[in-house]
Amino acid sequence: MVYQLSGAGKCSMLARMNPSKVIGLVALAEKPGLGEALRIMRRELSRHGLGSCVIETPDALEQAIVRCSMLVTFGGDGTMLTVSSLAAAHHVPLAGVNLGRLGFMTTCSVQELPLLAYALQEGSFLTDERSMLEVVRMGVDGVAVPPRKLALNEVSLIRAQSGKMVDLDAEIDGELLNRYHADGVLVSTPTGSTAYSLSAGGPLVWPMSRVVCVTPICPHSLTNRSVVLPDTMTIRLRPRERRGRFDSMVYSLDGRSAYPIEVGESLVIRKAPETLSLVHLRKQNFGALLRAKLRWQGAEIPTDDE
């Protein structure tokens, strides 16, 4: 989606949508240069007639998001992940200012803050819709345990104790995919393919692909490999006993929090109806992003004359 306004005397598209709303500047963790970045962004937004508020805690974010037309995080991918579920649930676009190291999802650097503020005022930014996973824990009685949760990158079902492999079944649309003896299993979105899934040996997936990946973590059998599935399928992960013993397990969403799960319970994972609108200043070239962020060698291919 592209937002573009032109012509003399134009006003902000964000203001036109709802003049009572502001840009939420999310700063959940202290980072080098954070104070200066916030100062610059607030100054630039004010210059363009846009209101802003600084949000410093998750509780404050939950209260403030209803009056925000957009969220801008200050940090790295981790900060964006923390905010992503709430932003998607409230249909609020999300931008990120990179104060971290990698910044796969972030929109711009601190040096580009004036450009970001100008783009927000002009409405000349771009967004792409990233798919998310809906996760429902099913109790031993087969009844859903609220609340349902959302994940942007991945859902991981993993061992709770170090040094212990665990056993679990992965089912696809009610049919057994595999019975794993491993450190755990990941279900990841295309966005999450460059995160935990990549570290576990999963494939790199183009962000707008309509797929999910099921990837075992350090499986006992080396033939257990990542599987790419259509995102129309429903995945169920079931912890299992092994030889009459159950080794404790937890599940995590985007690596943000860990929740215990017992034998007899299960996780039902499917594509969520909500999507996350990620903000960009320019058209994204995912190949160039991979070369830059993953530091691939051979990015510059010599010609025959060289």
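**Exercise 1.** Classify Y251 as buried or exposed from its relative accessibility of 3%.

*Solution.* Take the cut-offs: buried is under 20% relative accessible area, exposed is over 50%, and partly exposed lies in between (1.4 Å probe, protein chains only). Y251, at 3%, counts as buried. The model is predicted: local features need pLDDT of at least 70, side-chain atom pairs count only at pLDDT 80 or more, and totals for chains, interfaces and linings use all residues. Residues are numbered from 1 along each chain as its sequence is written, and side-chain values use heavy atoms, without hydrogens and water.

**Exercise 2.** Find the aromatic pairs and state how each is arranged.

*Solution.* Step 1: count them. There are two aromatic pairs. Rings of Phe, Tyr and Trp (its six-membered ring) pair if their centres lie within 6.5 Å; planes under 30 degrees apart are stacked, over 60 edge-to-face, the rest tilted.

Step 1: take W206 and F286. W206 is in the loop between α6 (196–199) and β11 (211–217), while F286 is in helix α7 (residues 286–293), 80 residues apart. F286 is buried, at 11% relative accessibility.

Step 2: take Y251 and Y259. The centres are 5.3 Å apart and the planes 35 degrees, so this pair is tilted.

**Exercise 3.** Describe the surroundings of Y259: how exposed is Y259, and which charged end sits over its ring?

*Solution.* Y259 has a relative accessible area of 29%, so Y259 is partly exposed. The charged end of K149 sits over the Y259 ring, 4.6 Å from the centre. The test is NZ of Lys or CZ of Arg within 6 Å of the ring centre and within 35 degrees of the ring normal.

Note on methods
Helix = DSSP H or I, 4+ residues; strand = E, 2+ residues; numbered from the N terminus.
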